[in-house]
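Please go through the structure below.

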Amino acid sequence: MPANVKYELKLGAATREAFGKTLAALGHENQNIVVGDADLTKSTMTTYFAKEFPERLFECGIAEANMVAIGAGLALAGKVPFVSSFSAFVMTKGFEQLRCLVAYPNVNLKVVGTHSGISIGEDGPSQMSMEDLALACALPNFTVLSPADEVATEWAVRWAAEHVGPVFIRTGRVKVPVIYPAGSKFEIGKAVELVSGTDVTLVATGLVVAEAIRAAEQLEGEGISARVLDIHTIKPIDEEAIGRAAAETGALVVAEEHLVDSGLGVRVAQAAAKTHPAPIEFVGLTDFAESATPDELLDKYGMRAENIAAAARRVLARKK
Amino acid sequence: MQRTQNPSELSSIARQIRRHIVTMITAAKSGHPGGSLSAVELLVTLYWDVLRHDPANPKWPERDRFILSKGHAAPVLYSVMAECGYTPVETLNTLRKLGSIYQGHPDVRFIPALEASTGSLGEGLSLALGMGLAAKLDKSPSRAYVVLGDGEIQEGQIWEAAMFGAFHKVDNVCAIVDYNGIQLDGFVKDILDLSPLAEKWRSFGWHTLEIDGHDIPAIQKAFAEAAATKGKPTCIVAHTVKGKGVSFMENNPKWHGVAPKPEELELALKELA
Ligand SMILES: Cc1ncc(C[n+]2csc(CCOP(=O)(O)OP(=O)(O)O)c2C)c(N)n1
Ligand SMILES: [Mg+2]
């Protein structure tokens, strides 16, 4: 990705939509791919796969723990299963099964959580997943992916299908801006430098990456040169890129649509502590949200470019 | 509020509740009409006839408890609680909007008179059993009622709770399954069939009744039988119609989680006049 390109950030597909379409395409390429869903095929978008391969889509009913365990069984018998539900349900109700039946024996199951974050809107906190990255990162052997747009999602789903081992992919409900040109290539565990900069680095994941790009543009107007890193792989995290950003820019802001105490921020802080300690400010969620439109919630809960830019000014004030 | 046992009065309250449900979901532009409409007679009979509760004193320790385990049907609970006087009727149309007490799913942070925040399916039966056990320890006459969705009871926790409730003889708990035959992705029989449902509950040790969940006298009789049943919890398998009362919504999976358009609301209100 060339640094300092101008991003149009035109609204594209929701990452769950990109997941569903990619999965259906993969169904043609790999006969071993099978899918489990828990009464949400229309929402997770596994419905695209279901239409083309009804005999390879196992509708598990509203029973997420059982779905995860059935997926593990399918994987142990040689299939490449993707199981999907709202992140808030598959990661919480399925967690013990993910721990003992998937992570511990290192089983080849792919878990895709949709409707992550507060941007699901009106349904409210019971359906909003703010801790899915924390849970997924707490599972040894898991690779944890959090794509920012439809292009990165397609890559993530294809990578997961190829990779032998458990993977969690975090996707969202709402349409998000397209950042990457179609067909962009990513490397697992390698952050993407979307904007180059020297004064501060804005580290972001998921839907907030586009906001970080906008924040960098705002800061540029104030004469602040901000680097932007997209962390599409939360685990393993790119310690090299984070350490280099800390060394070269001397200050970091981490932004995520996740609980601030257990998501990307703490992992970036850990990576910086191990490589090049620097002041860091954290933009993220601190409490359960509420019902409203996605845009109202992103405003109210501080997930916007302005919030990231303000955090950049704070961290710059702390920079010696 | 004016309690009543008169079925025709209850049925006219039910019609008013249905009008609120379709109106508020239309205003919200999102929400779950089907499963709200299927549970109307059950909730109206509970709140106007059966439950020992006092809207003026919502935290009365000896009150009966009601839990809407299928929290996505919040509009029926909000309409009923508003008509009972717990919360304002005038603001029902703020459903799902920023700052509204009428959140997308029942939320005790916004309405303290609610017994539980629900929305993640499969959990309410266990909560009700906990409340029932507490009432027994306190020698309180309080009973706990919980409405479960039929799709919802595919969750394993429901059957863990079912075993527990019978084993511990939590006879002050009454579960009601809103057996409308439809879940999110389609018909329950095509997704993960439950039949024979009453036999399942019986074999788990519950006193089990099957009724027409829109027949108010039958509902009243079932609740009376539940209260009189000692040594076992009761499960009422209530056969209902998803979307009941609005012809184009009835028994149509499409109306699980879609809001009516204003012109559809007009048609619905005509039918509910
Ligand atoms: C644990 C969990 N999984 C999935 C969902 C998403 N969801 C909301 S409603 C619904 C279908 C519920 O069907 P049913 O229980 O039959 O309710 P009703 O027909 O009464 O609306 C689903 C899958 C959820 N809220 N909780
Ligand atoms: Mg149902």
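Which residue forms a salt bridge with A:Arg244? The partner is A:Glu240, and the closest N and O atoms of the pair are 2.8 Å apart. This comes from a predicted model, and every value below is computed from it.

**A salt bridge along a helix**

Both residues sit in helix α10 of chain A. Because A:Arg244 and A:Glu240 are four residues apart in that helix, about one helical turn separates them. A:Arg244 is partly exposed, with a relative accessible area of 32%. A:Glu240 is partly exposed as well, at 44%.

Helix α10 of chain A covers residues 239-249. Its buried residues are A:Ala241, A:Ile242, A:Gly243, A:Ala245, A:Ala246 and A:Thr249. They pack against β10 (200-204), β11 (226-230), β13 (252-259) and α11 (264-275) of chain A. Just after the helix, A:Gly250 takes a positive phi of about 75°.

**Other salt bridges**

Over all chains, the structure holds 29 salt bridges.

| Pair | N to O distance | Burial |
| B:Asp107 and B:Arg109 | 2.8 Å | B:Asp107 buried, 7%; B:Arg109 partly exposed, 44% |
| A:Asp123 and B:Arg96 | 2.6 Å | A:Asp123 and B:Arg96 both buried |

In chain B, the side chains of B:Asp107 and B:Arg109 meet in a salt bridge. B:Asp107 counts as buried because its relative accessibility is 7%, under the 20% cut-off. B:Arg109 is partly exposed, with a relative accessible area of 44%.

Chain A also has a network of salt bridges. It links A:Glu211, A:Arg214, A:Asp295, A:Asp299 and A:Arg304.

**Where chain B meets chain A**

How many residues of chain B are in contact with chain A? The count is 27 residues of chain B, against 26 residues of chain A. Between them the two chains bury about 2000 Å², with 45% of this on carbon and sulfur atoms. On the chain B side, B:Leu98, B:Leu184 and B:Asp185 lose the most area to chain A. Together these residues account for 30% of what that side buries.

Two salt bridges lie between chain B and chain A. One of them joins the side chains of A:Asp123 and B:Arg96, at 2.6 Å from N to O. The residues on the side of chain B that touches chain A divide into six nonpolar, 13 polar and eight charged. A further count gives 19 residue pairs in polar contact between chain B and chain A, both residues being at pLDDT 80 or more.

**The magnesium site in chain B**

Which protein atoms are donors of the magnesium ion (ligand 2)? They are OD of B:Asp150, OD1 of B:Asn180 and O of B:Ile182. Along the chain they follow the spacing D-x29-N-x1-I. B:Asp150 and B:Asn180 link distant parts of chain B, 30 residues apart. B:Asp150 is in the loop between β2 (144-149) and α6 (156-167). B:Asn180 is in the loop between β3 (173-179) and α7 (188-191). Both B:Asp150 and B:Asn180 are buried.

Technical notes
Residues numbered from 1 in each chain as written. Chains lettered and ligands numbered in written order. Predicted model: local features only at pLDDT ≥ 70, side-chain atom pairs only at ≥ 80, totals over all residues. Heavy atoms only, no water. Donors = N, O, S within 2.8 Å, 3.2 Å for Na, K, Ca; no water. Helix = DSSP H or I, 4+ residues; strand = E, 2+ residues; numbered from the N terminus. Buried < 20%, exposed > 50% of the residue type's maximum accessible area, 1.4 Å probe, protein only. Contact = heavy atoms within 4.5 Å. Buried area = accessible area lost by both parts, 1.4 Å probe. Salt bridge = Lys/Arg side-chain N within 4 Å of Asp/Glu carboxyl O. Polar contact = N/O pair within 3.5 Å; in protein donor to acceptor, adjacent residues only side chain to side chain. Nonpolar A, V, L, I, M, F, W, Y, C, P; charged D, E, K, R; others polar.
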